[in-house]
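Q: Hi! Could you walk me through this structure in plain words?

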Amino acid sequence: MKIASARLILCSPDRNFVTLRIETDEGIYGLGDATLNGRELAVAAYLEEHVIPCLIGRDPFAIEDIWQYLYRGAYWRRGPVTMSAIAAVDVALWDIKAKALDTPLYNLLGGKSRQGMLVYAHANGADIPGAIESVKRHIDQGYLAIRVQSGVPGVNASYGVPKGGKAYEPAERGLPSESLWSTERYLNFAPKLFEAVRMEVGEDIHLLHDLHHRLTPIEAARLGKSLEPYHLFWMEDPTPAENQDGFRLIRQHTTTPVATGEVFNSFWDAHDLIRNQWIDYLRMTIVHGGGITALKKAADFAAVYQVRTGFHGATDLSPVTMAAALHLGIAIHNFGIQEHMPHTPLADQVFPHHYRYEGGYMDPGDAPGLGVSIDEDLAGQYPYQRAYLPVARKLDGTLTDW
Ligand code: GCO
Ligand code: MG
């Protein structure tokens, strides 16, 4: 079998997605997600101009060799654009191989090592009563683990809280909006939120919280400590992770478990965090981290240190990435939890898929390959539109991490 052609499908069914379709001379095709939120066309150009020409005529079964060719062979390494492009190829090739062998992809990754995968939902509200209401709605849908975000009094647009009661979606069409942030107000508020939620839902529901890189290490340490009575499943992205030593400081002060990695694009971003056991959950994204080939290696390294996975699963990753995360997660032994932020009905229609949610768990389904296809006619009705993530400023106007 040979790779005969490859092309990109750009569409915007409620939000932008970049999808790579690789065709073989035997009629089998594979899909890979190449979406990098707010920077979509950079990855599209990288693939179109620099990667696709190198794929034609290659053996699609030689996944490791093609991965190394695109990584080492480029000379320039890492970065979200490069690694998303490599991931798109990698995932499409795994899809092709599993379809050619007529088996669900997880069987090529070791086979199922659990029946279902615990997932967490996103609950949020403008204030504490709103957040509690949202948590209860998700409990009614069977979720056993729930991320809770709430508006902070005196902060005009808190992370994770949508406008007008809609489902949270991080990208906005047009130019970036700006939101204001106050660490002081947030640090005083967050323990009150979790005290109220824990009191309302009891001990059996897992509660998670995303700090979205907004604190310094010592601020995150204070927050982790103040949340200990409410025993969170994790606090996520407590501080920017470029300086990995910051996590040592957090660890010295609190037993609240720590998750990070959604902006990592290489195993090397996580290496020190894992080998020093400064984190408990690795949240890398299949698409931005170099694909299944790269993430399987990162997960196996993490397993040695009892670090578990919590693959990023926001709506800016297409259903192709969700399926890839589910196939990998159901196979590896150190799976921890999977983020489940459902796509809109329209996005689900554009990407028909076999993965399913039931009673707090998801599974990838048993269709050969990834079990995801794309309705190109429907996709064609929703062309790409420029969109950005918001940027954040402190109350005095200083630009800060969103
Ligand atoms: C999460 C994330 C997302 C990101 C988004 C950016 O935990 O799901 O923080 O909501 O903000 O993926 O594009
Ligand atoms: Mg996050």
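A: Happy to! Helices (H or I, at least four residues) and strands (E, at least two) are DSSP runs, numbered from the N terminus. This is a predicted model, where local features need pLDDT of at least 70, side-chain atom pairs count only at pLDDT 80 or more, and totals for chains, interfaces and linings use all residues. Residues are numbered from 1 along each chain as its sequence is written, chains are lettered from A and ligands numbered from 1 in the order in which they are written, and side-chain values use heavy atoms, with hydrogens and water left out.

Q: Is the crossing of H2 and H3 left-handed or right-handed?
A: Right-handed. A crossing is left-handed if the near helix is turned anticlockwise from the far one by less than a right angle, and right-handed if clockwise. The crossing of H4 and H5 is right-handed too.

Q: New topic: which residues coordinate the magnesium ion?
A: Asp210 (OD), Glu236 (OE) and Glu262 (OE) coordinate the magnesium ion (ligand 2), at 1.9 to 2.2 Å. Donors are N, O and S atoms within 2.8 Å of the metal (3.2 Å for Na, K and Ca); water is not among the atoms, so sites may look incomplete. Along the sequence, the donor residues follow the spacing D-x25-E-x25-E.

Q: Where do Asp210 and Glu262 sit in the chain?
A: They link distant parts of the chain, 52 residues apart: Asp210 is in strand S8 (residues 206-210), and Glu262 is in the loop between strand S10 (258-260) and helix H8 (271-275).

Q: Is Asp210 buried or exposed?
A: Asp210 counts as buried, at 2% relative accessibility. Buried means under 20% relative accessible area, exposed over 50%, partly exposed in between (1.4 Å probe, protein chains only). Glu262 is buried as well.

Q: How many aromatic pairs are there?
A: A search of the whole structure finds 14. Rings of Phe, Tyr and Trp (its six-membered ring) pair if their centres lie within 6.5 Å; planes under 30 degrees apart count as stacked, over 60 as edge-to-face and the rest as tilted. One of the pairs is Tyr159 with Trp402, edge-to-face at 5.6 Å centre to centre and 75° between the planes. Those two residues are 243 residues apart in the chain, and both are buried.

Q: And how are Trp181 and Tyr186 arranged?
A: Trp181 and Tyr186 form a tilted pair, with 5.1 Å between centres and 45° between planes. Arg214 lies over the face of Trp181, 4.5 Å from the ring centre. A charge sits over a ring if NZ of Lys or CZ of Arg is within 6 Å of the ring centre and within 35 degrees of the ring normal.
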